[in-house]
Amino acid sequence: REVPQAEHKFLKGNFGDLDDLLVQAEVPGVDCFLFDLGVSSPQLDIPERGFSFHEDAPLDMRMDSGNNTLTAAEVINHYNETDLTRILRVYGDEKFAARIARKVVEAREKAPIETTLQLVDVIKQGIPAAARRSGGHPARKTFQALRIEVNHEMDALRELLAAATDVLGEGGRLSIITYHSLEDRLVKNVMRSGNAEGKVAKDFFGKAETPYRLVNNKVIVPTAEEQERNPRSRSAKLRIAERTER
């Protein structure tokens with residue numbers, strides 16, 4: 001018997017636009033989702049996009065410059081010290097968030113911080129010399145935090161998880177690859193409890209009411225061989241859950 005050819009549709013959009021994209025593609029229900037939350041290597045490797053702390057470029061960091069007007073330069077030069085500290089601490093898990101934010105505010109009072117390497121110099125001033133000698137590049141966490149803020153990545157992820165939960169059919173599977181602890185915590189909470197806070201609701205009889213059943217209780221990580229072949233996979237974590245009875 002001849003097997004019909006599968007139909008493919010390529011849709012451009014943000015993870016947070018999942019509902020609208022499915023309507024656009026006329027997809028009423030889904031059996032399986034696989035989401036890779038990583039930033040594409042080509043974007044990181046183009047210096048003028050401003051993602052790299054190794055190359056001098058304008059502080060941009062927008063994934064989609066056509067639909068996003070907020071840039072890293074605007075965050076750095078206009079957010080107050082409290083908000084900068086919060087962003088670096090929450091999105092970057094930066095131990096020296098307050099010190100870096102203070103140095104940023106001091107520097108921009110003299111002149112705007114407009115390029116990646118200008119920002120790197122300011123970040124280094126906010127991190128003690130002893131701490132700069134270990135733990136990778138001193139600007140890595142700050143750049144990650146700025147990228148997440150500029151592209152509203154956590155808001156998009158919350159919208160993605162809500163939409164996927166609504167549209168998955170019973171027995172459908174949700175597979176998500178995350179790359180940093182904040183993403184992974186949110187995905188884990190939703191898969192375990194159905195909400196971002198990780199609070200499991202119970203019915204009248206005390207039975208847990210969750211929209212998912214975990215397929216892999218232990219998170220899946222890349223093998224040593226894969227990490228050697230693709231160093232950017234080091235922080236990847238794959239979690240899989242199955243939609244329960246609706």
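**Helix pair and sheet**

In this predicted model, helix α6 passes helix α8 in a right-handed crossing. The points below take up the geometry and residues of that helix pair, and then turn to the sheet.

**The α6 and α8 pair**

- Helix α6, which covers residues 116-126, packs against helix α8, residues 140-150, at an angle of about 125°, and their axes lie 10 Å apart.
- On the α6 side the contact is made by T116, L119, V120 and I123, while α8 contributes T142, F143 and L146.

- Four strands form an open sheet in the order β1-β2-β6-β5, and their pairing is mixed.
- The edges are taken by β1 (30-36) and β5 (212-214), each of which pairs on one side only.
- From one strand to the next, the twist averages 20°.
- Strand β2, residues 168-178, pairs with strand β6, residues 237-243, in the antiparallel sense over six bridges, and R173 has E242 in β6 as its bridge partner.

**Helices packed on the sheet**

- Helix α9 (residues 153-167) packs on the sheet and touches β1, β2, β5 and β6, its direction making about 155° with that of β2.
- Helix α10 (residues 181-193) also packs on the sheet, where it touches β2, β5 and β6, and its direction makes about 20° with that of β6.

Key
Residues are numbered from 1 along each chain as its sequence is written. This is a predicted model: local features need pLDDT of at least 70, side-chain atom pairs count only at pLDDT 80 or more; totals for chains, interfaces and linings use all residues. Side-chain values use heavy atoms; hydrogens and water are left out. Two strands pair if DSSP finds at least two bridges between them. Helices (H or I, at least four residues) and strands (E, at least two) are DSSP runs, numbered from the N terminus. Axes are lines fitted to C-alpha atoms, for helices over the stretch in contact, and angles run from 0 to 180 degrees between N-to-C directions. Contact means heavy atoms within 4.5 Å. A crossing is left-handed if the near helix is turned anticlockwise from the far one by less than a right angle, and right-handed if clockwise.
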